[in-house]
Amino acid sequence: MILKKLSELQKLIDNKPVKRLVLAAAHDSQSLGAVLKAAANKIIKPVLIGDEKEIRKLALEGNYDLEGIQIIDEPDIEKTSEMAVKIANKREADILMKGKVGTSTLLKHVLNKQWGLRTGNLLSHIALFEVKTYHKLIAVTDVAMNIAPNLQEKISIVNNSVACLNMLGIEMPKVAVLGAVEMVNESMQATLDAALLSKMNQRDQIKNCLIDGPLAFDNAISLDSAIKKGIRSEVAGDTDLLLMPDIEVGNVLYKSLVFFARAKVAALILGASVPIVLTSRSDSEQAKYDSILLAAATVK
Amino acid sequence: MITSLDQLADIVKNKKDKPKLAVTWAQDENTLGAVGKAVRENMIEAYLYGNRSMIEKTSLKLGLDIDLFNIQHVDNEVEAAEETVGLVKSGEADILMKGLIGTDKFLKAVLDKENGLMKPKAVLSYVCAVDVPDYHKLLFITDTAVLPFPDLDQKVAMAEYAIEMAVKFGIQKPKVALIGASEKMSKHFQNAVDYAIMCKMAERGQISPCIMDGPLDIFLACDKKSAEIKGVDTPVAGDADILIFPSLEACNPFYKGLMLFGKGELAGMLMGTEVPVVLMSRSESEKSKFFCIALSCLMVEKNN
């Protein structure tokens, strides 16, 4: 399947049971707005945990209807995270979302050994972009969680991301392992890891995707550029997933896509027992809404 | 395309400009036997540097006419090494061959930074072309003799040398198998890691011309059925031209096994030098020794 717009994610959840989303520290205007809008569109059925008085005030200001929405009054932010994670742990919610709580606080509870959402997999971040200048949606990982992943961590990040893209109906996502160059260079670890990942994929040690790398950004997304460089690659120019060498490159690419290319984005944390919507304050309400949509489409 | 070592020997005979072979400390039966045969078969001109009376004595014993050789008397093996390397360096000889001199003294002269024969920054390695009746083509293997535990750069050099040799035999795009115990990529096996990196280098044209895959075991590399049974998707699948081994201790017993149990013959030489250097073990068969000289004659020819 080829998805061109984030709004097409809607097709994937039509005629499926409405997913339950729990929002930790729901007294946050942007995330509350996105959640209530998604609820109104029947994408999710939310549980809001937070300062009820504040939630009602924000809903009134934003002109949102709280009719029939479950609210658990808990003004203590730390406790909202714990409760939200426990709800997801008991499978009473399909999606966890971060509201007005720090990322580290929420993740601390997600990683709790007794009642957290661990699966044994590494947690990783995926961002799915709709860019006008590319012929389909393109995912980028990891721009927010793993700082300088080693080979083993890169394998986990790819596996997380591929499972997510498979859920979206992209059966054999094409994965470009990015480097500064498309040649193998012993002084550039990213190019060496890329070669190893390619070989593991060839030997079926990383499945359900097609990996090539190192590829420079231009060869990864432009067939023309790959041809000019004489690169023969099934991935070049048709990439579904860009694997970043580290968070610095990833984060800068993410932000340049948003700010320079005016790309739309949806993002998730993968690797936990439920998808986690963990957008940052600087993300637009639309990004938050699209992230909820992405989460709903990837619920197992 | 040259598909057997007999054919190799035929091709390099009777050339108009016969290569000049300089032999270092050439007075033992092994060396003189092979060199004498190559001269008789009109393959080379031989320049023997050694003890004249010893050379004459050995020739007589082998029934070789002394006029087959150009003999230069030298007092000792170190002098012989310096003289012969110098001769090749100045262009008066085209090929260098080790005689009775110790390998360490011989290589010292070859590797000498100022007066030696190494190409700039090159790795010294040894490549063999092996002819075994039970394999459907010639097999180029490396490194049987020089590099004990090649690192990535050295493995790349080994592959490049073997490719260079295979191309000389007329194989336009040799299939290179990087040999391991299994086909899986594991970061715990440095060879597997090196191999994965090399495959990508080959894919990107950084090692060429070739089709490369590895790690592969010998079965996957040289036996088509195994590749089918195992279901491993490899472009080499049972049709390897070149086998790159992870270590000398893996490669050396492999080739000796082929010689002894597989009734194979070989032609081998040092690579990384400015001119072909023939260096063979005394235990090789007469035929293989002759093929080593034939190989050097092929490799000395300039590419058109």
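Two strands are taken to pair if DSSP finds at least two bridges between them, and helices (H or I, at least four residues) and strands (E, at least two) are DSSP runs, numbered from the N terminus. The model shown is predicted, with local features needing pLDDT of at least 70 and side-chain atom pairs counting only at pLDDT 80 or more, whereas totals for chains, interfaces and linings use all residues. Residues are numbered from 1 along each chain as its sequence is written, while chains are lettered from A and ligands numbered from 1 in the order in which they are written.

**View 1. Strands β5 and β10 of chain A pair in the antiparallel sense.** The two strands, β5(A) (124–130) and β10(A) (residues 264–270), are joined by 7 bridges, and in one of these pairings A:Ile126 has A:Leu268 of β10(A) as its bridge partner. In β10(A), 7 of the 7 residues are buried, a residue being called buried if 20 or more other C-beta atoms lie within 10 Å of its own, exposed if 12 or fewer, and partly exposed in between, with C-beta atoms placed from the backbone. A:Lys264, A:Ala266, A:Leu268 and A:Leu270 point one way from the strand, and A:Val265, A:Ala267 and A:Ile269 point the other way. In a regular strand the side chains alternate between the two faces of the sheet.

**View 2. Helix α10 of chain A has a buried side and an exposed face.** This helix (residues 247–259) has 13 residues and reaches 18 Å from its first C-alpha to its last, close to the 18 Å expected at 1.5 Å a residue, where the expected span is 1.5 Å times one less than the number of residues. A:Gly250, A:Tyr254 and A:Leu257 are buried in α10(A); they lie on the same side of the helix because they cover an arc of only 70 degrees around the axis, the arc being that of the directions from the helix axis to the C-beta atoms. The buried residues of α10(A) pack against β5 and β6 (138–141) of chain A, two residues being in contact if their C-beta atoms, placed from the backbone, lie within 7 Å. On the face turned away from the buried side are the exposed residues A:Glu248, A:Val252, A:Lys255, A:Ser256 and A:Phe259.

**View 3. A right-handed β-α-β unit of chain B is made by β1, α2 and β2.** A crossover is right-handed if, with the strands pointing away from the viewer, the path from the first strand over the helix to the second runs clockwise. Strand β1(B) (residues 20–24), with 4 of its 5 residues buried, pairs with β2(B) (residues 45–50) in the parallel sense over 5 bridges, and B:Thr24 has B:Tyr49 as its bridge partner in β2(B). A further 4 bridges join β1(B) to β4(B) (residues 95–98), also in parallel, where B:Ala22 stands opposite B:Leu96. The buried residues of α2(B), including B:Leu32, B:Val35 and B:Val39, pack against β1, β2, α3 (52–62) and α11 of chain B. In the loop between α2 and β2 of chain B lies B:Asn42, which has a positive phi of about 65 degrees although it is not a glycine, and which counts as exposed with 12 C-beta neighbours inside 10 Å.

**View 4. Helix α11 of chain B is largely enclosed by the rest of the structure.** Its 15 residues (286–300) reach 22 Å from the first C-alpha to the last, close to the 21 Å expected at 1.5 Å a residue. Of these residues, 12 are buried, among them B:Phe290, B:Phe291, B:Ile293 and B:Leu298.

**View 5. Chains A and B meet through 15 residues of chain A and 14 residues of chain B.** Helix α7(A) (residues 189–202) gives the most to the side of chain A that touches chain B, with 6 residues. By class, that side of chain A has 8 nonpolar, 3 polar and 4 charged residues, where Ala, Val, Leu, Ile, Met, Phe, Trp, Tyr, Cys and Pro count as nonpolar, Asp, Glu, Lys and Arg as charged, and the others, Gly among them, as polar.

**View 6. A cis peptide bond links B:Ser208 to B:Pro209.** Omega is near -5 degrees for this bond, and B:Pro209 is found in the loop between α7 and β8 (211–216) of chain B. In chain A, the peptide bond from A:Gly213 to A:Pro214 is cis, with omega near 5 degrees, and A:Pro214 lies in strand β8(A) (residues 210–215).
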